[in-house]
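Here are some short notes on the structure shown below. Please read them with the model open beside you.

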Amino acid sequence: MNFTDFRLKVRHFFRRNKRLIIIILIIWAIIFFINMILKNMPRELVPETTYEAHTSIMDSGSSTPESLKQPIEDLIAEYVGYCNEGNYQKAFNMLSADCRKYEFQDKVENFMTHVLSKMPIPKKYSIQSYSNVKYGGKKLYIYEIKYTDDLLATGLTNSTYQFTSENITFYQGDDGLEMNVGNYIYHTDIKSIAENEYLKIDVIDKVVNYSIETYEVKFTNRSNYTVVVSDQQENDEVILRLPNEVRSASQIQNIVLKPQEDITLKFVFPKFVDDGDESQALTFSSIRVMEKYSGVEDVDEATIQSEIDNAISKFSMEVNVTE
Amino acid sequence: MKVKKDNKLIIFGIIVVIILAIIAFIVSKPKNKIDYDKMTDEEISVAIQEDLENKEKEELSKMGERDRMEYYVSEFVDEIENENYEEAYSMLYDDFKKNYFPTLDQFEEYAKTKFPRMFALEHTNIERNGNTYVLWVTLGDLLGSKDSAVEMNFVIQENDLNDFVMSFTVK
């Protein structure tokens, strides 16, 4: 192929694909000029920062709605202001009725103790959205608030960098934005029952704090025998069942019911409110109806085992706690 | 004369390109250049100062927050090294000044006696607390012995680019 052939082929190629080449050039030119415009657009010079107070740490795609950001900031400022002034009653009145009742037993003294544990002297604070969770069709906005001394005023002279913190929760209530403090998130009535001829178990309610769930449970012994729900002789005597795992109760006491006796107890389970799991059931896995029960303290193993072996009935009971 | 549909598209594309080219030309045109010839010495000095400040802000806007905070500390330290105590004093937080250096003279005396003549800064850690930053810094004396290095904290609150207040651990 000589040069003339090559020239003709190129010319032929361009003639044949003229339209396509022009379109490609136009697209390229459009991209080029748009890029040039964007590069030269005057931009506002603002400090780049990783601090976004209203974007959740647990899920960076989730933020507090624009309309709630300022009201939340205002409520926190007012709350911390009252606490710093020592005006505990006014700060207490800002909390939701549930928070006052279930976290502080409607006693301002309990609230005061809580505040003093977090801010014994007037403090500065900073906030960070921690996570957003749903409960009962409501969205709960959980913030972490950090209390520090006035670091700028001291430059950490004669002190070290330290802070206290707690979770504050906001949600839309019937009368506007409601606020919970002290890691309290919400309360719900469970009213779920499991029963048989020997025992009735009534899960009354559940109080959810940021990292724990507390269940109030009433046990009623319907028999004329001693019923042992828990005495540390078996593994996992009281557990909370989640979709894919179980959690043991922390610090369980011995639960031994005399004939016809009823008792009401609280069980605390470690569980983060924003872990994505919903609690399914409370399981009491080693209930024993004993003809003879000598207890477990200062009693030899053989006696304990013999009494267990001679139990009238052994069973487990599960009470549904889904909301 | 009928224009083919393809040709219409090409003509439309060319028009778009021309419009974009005009916009690109306008936005890329250098902003009003300062005509120093028509200015007094005082105006020139103000204009140069403004230009420098804008350039500094532009540089700061490209920095991450840690780099920016370290830059602010080095600005403070530079002012002390250059004995511009008033400039350094103006960077301090008001309540900090009230607490430790109610007057410029007191700050100057402290800076002269407690800060080295030539600094070596080593930033070891930084923590952010809202819009306040705590920095852990080792302050070495380039003219002194190795043992003379002092560890201290700087606390900085940034309001905007190059707009900040700070405090430091008073030894």
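1. Chain B has a radius of gyration of 25 Å, whereas a compact globule of 171 residues would have one near 16 Å. Keep in mind that this is a predicted model. The extents can be compared by eye: along its principal axes, the C-alpha trace of chain B spans about 90 × 45 × 30 Å.

2. How much of chain B is buried? Buried residues account for 16% of its 171 residues. A residue counts as buried if 20 or more other C-beta atoms lie within 10 Å of its own.

3. The secondary structure of chain B consists of six helices and four strands.

4. Of the contacts between residues at least 6 apart in sequence, 40% join residues at least 24 apart.

5. Which residues do the two chains bring to their contact? Chain A contributes 31 residues and chain B contributes 40 residues. On the side of chain A that touches chain B, the elements giving two or more residues are helix H2 (18-40), strand S2 (138-148) and helix H7 (151-154) of chain A. H2(A) gives the most to this side, with eleven residues.

6. The make-up of that side can be stated by residue class. The residues of chain A that touch chain B divide into 19 nonpolar, eight polar and four charged.

Notes
Residues numbered from 1 in each chain as written. Chains lettered and ligands numbered in written order. Predicted model: local features only at pLDDT ≥ 70, side-chain atom pairs only at ≥ 80, totals over all residues. Rg over C-alpha atoms; globule rule 2.2 N^0.38 Å. Buried ≥ 20, exposed ≤ 12 C-beta atoms within 10 Å, placed from the backbone. Contact = placed C-beta atoms within 7 Å. Nonpolar A, V, L, I, M, F, W, Y, C, P; charged D, E, K, R; others polar.
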